[in-house]
Structure formats: C-alpha cells, structure tokens
Amino acid sequence: MARVYNFSAGPSMLPEEVLKKAAAEMLDYEGCGQSVMEMSHRSKVFDSIIKSAESLLRELMNIPDNYKVLFLQGGATTQFAAIPMNFMNNSGKADYIITGQWAKKAFGEAKKYGDAVAVASSADKTFSYIPKTTREDFRQDADYAYICMNNTIYGTVFHELPDTGDVPLIADISSCFLSEPLDVTKFAMVYGGAQKNIAPAGLTIVIVREDILGNARDYTPMMLDYKVHADADSLSNTPPCYTIYICKLVLEWIKSIGGLEAMAERNRKKAKILYDFLDNSKMFRGTVVPEDRSLMNVPFVTDNDELNAKFVKEAEAAGFVNLKGHRSVGGMRASIYNAMPIEGVEKLVEFMAKFEEENS
Ligand SMILES: *Cc1c(COP(=O)(O)O)cnc(C)c1O
C-alpha cells in the first residue's frame, strides 16, 4: 500500500526512516530479546534510551545545564493547570497573551488558581495575527507571562518574543518544537506535547529552569509537581517508554540531517512553496497576516464553502489527507511539520493548481 501525504495537525506524520527503524527493532531491541514496549522502565536498556533521548535533545536545542528536561504524560493540556500550580506562588499573578484556543484554555485554567489577566488578544480578527505588546503591558510583579508560541489552529507564530521585562516567560511550543533553533535561555520554561513534531501521542516534554522549581502549591498533585519529576529524572512513576524511544529515533533523524539549522531551512523552503502559491492564486488565499505566518500550520480558504468541501474531498482521494481546517476556522489547513517531505508540499501545490484550473 502506498503511504499518503498526511497534513494532520496532530498526531501527525513521522519520518519514514524512523518508522522503518522502529519496525525493524520491534521484536528485538538491539539484541536484548524484547521489544521496547515490553521492557521495565527501570532496566539498564531503557535507562540508556531515556538518557540518550535527553542528551540528544540537549545537544540539538542547546539546552543549558541549569534547565531540567522532563519526559511526562498528560499532554500539553495537563500543563495548563500544572503551570499555575507550580509557578503562581509569589504575587499569585500571571499575564497571558491570547492568540487562539490553546492560549485561551491555558488562561482558563490559570484563572482558577490566581490572578490571571489577558494582557492582549487577537480574538477580534479570529486570531489571524499576533498582538503587539510592550513591556508596560506586563505587570512587573507577575509570577510569569505566558504565550502559545505557534498557534496550531490559526497558523500564527511569534517570530519575535514579547518583551516582558523581568517577568519570566513560559511558552507552549507543542506545534513548533524542534522546527527551528530556539534560544531556551529566553524562557523560564517551554513545553509541548510530542504528537505534533516529535513522536506519537503520550509524551509531553517540559524544559524548565531549575531555580523556579520547588515552590508548587501545597495541594498540587504529586504527578503535577515538576520538582518531583525533576528529582526522579522523569522516573518517579512509569514514563511513556515506547514514545520516548520513538522520540529518541526522531532526534537521531534530526541530527542526521544536520540539526535544527538544517531543519529550519527545510521548513522555510516548504512553507515558502505553499505561501507563494497562495499569494498568487485567484482561488485560494491564506488567512493569516503575512508577517505572523507559521512555518508549521498553514490555514487557507476559497471564498466558497462548497468549493472548500469539494477540494478537501478530492485532495483526500488523491492521497493528500487531513486537509480540513479546524472546525472553528473552516476552510483548509495544511500542517507541514518536520516529517513532511518537501515533495509532499510540491505535490500538494501541483494538485491545488490543477483544482483551481478545473474549477474556475
Ligand atoms: C495540540 C496542542 C495542544 C494540546 O495538546 P494535548 O497534548 O492534546 O493536550 C496544546 N497546545 C498546542 C499549541 C497544541 O498544538
């Protein structure tokens, strides 16, 4: 069976090399006579898998030693509550920028635990841009400021970080994790679910500066206390072992193609092919202001709902799947994460051109 080009927003494509390697090692991982799915998380073999995953991630992202890398479960959504429980612990204030559903959900959780304020929002224009802020917008006694770096549903990204002054910045990077170099030192914490760019669902990676750990509220469940996981090297309880193993394979794959600089170059090239087509098409257009366009998620529309539906249907029949836009935006969305080959985007654009010709 031929593999399709999968434009899903997540879970999403994995590199074919990784799937093949995982398949080859499925029954017998490196001669130990077991699958990674079966082995104890306390075994020597698994210990070397999780340690390599961490050291590869540190190397690729250039993560300084004063940051902890945690391999957790619960998805990005669980961190929406864990973040205020762990960090809203001095003034009890936190400032959020609302750039879409994921930021809004995170904000909703924070409001339960303290004085969370939305300092800016792009809700007025269906989150089609990143709102501008200045240092003065942030309360300088806030315990942290929060952004969703890449907005998976709306297709915007912070190309520049907000200036929050002395307020520690926390970012959800679920849908842009490892897509380009990121200066981790600009953040107190970044985190994301793995199922967009790193691995199958089930793993959440947290990268957090050590000095802000250890002040979680008393009622914080042990499983949501980052210090507990940091002290136990992510082995406080059973971690998502197989997903961590796939994560390791993906990190090896990224390293093999030249690391994050090379990844970014590939991603810029892919996104340019698609945006250039959209900017020149008479039928299709992107929905995001050009300066805030994401490299990972590209929403687009025609001016006609029926035509949108026809396009999604015909694209699927031609092997381009999961192009339907999120229900809150409609139209289409092509998620072109790291694992999407350049050829997938080129062929999609050829298909769009043909569709435009046949339907105008
Ligand atoms: C997918 C996504 C989430 C939700 O992730 P879960 O792992 O399903 O909880 C949160 N934030 C962003 C930016 C996402 O893309």
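Which residues are linked with R3 in a network of salt bridges? In this predicted model, R3 is joined with E16 and K20 in such a network.

K68 belongs to strand β2 (residues 67-72), while E210 sits in the loop between β10 (204-209) and α5 (226-231), so the contact ties together parts that are 142 residues apart in sequence. K68 is partly exposed, at 24% relative accessibility, and E210 is likewise partly exposed, with a value of 36%.

A second salt bridge connects D95 with R139, whose closest N and O atoms are 2.8 Å apart. Because D95 is part of strand β3 (residues 93-98) and R139 of the loop between β4 (115-121) and β5 (144-148), this pair ties together parts separated by 44 residues in sequence. D95 counts as buried, since its relative accessibility is 0%, whereas R139 is partly exposed at 21%; the limit for a buried residue is under 20%.

The side chains of D279 and R293 also meet in a salt bridge, at 2.8 Å from N to O. This pair links distant parts of the chain: D279 is in helix α7 (residues 259-280), and R293 is in the loop between β11 (285-286) and β12 (297-301), 14 residues apart. Here the aspartate, D279, is partly exposed, with a relative accessible area of 48%, while the arginine, R293, is buried at 12%.

Conventions. Residues numbered from 1 in each chain as written. Predicted model: local features only at pLDDT ≥ 70, side-chain atom pairs only at ≥ 80, totals over all residues. Heavy atoms only, no water. Helix = DSSP H or I, 4+ residues; strand = E, 2+ residues; numbered from the N terminus. Buried < 20%, exposed > 50% of the residue type's maximum accessible area, 1.4 Å probe, protein only. Salt bridge = Lys/Arg side-chain N within 4 Å of Asp/Glu carboxyl O.
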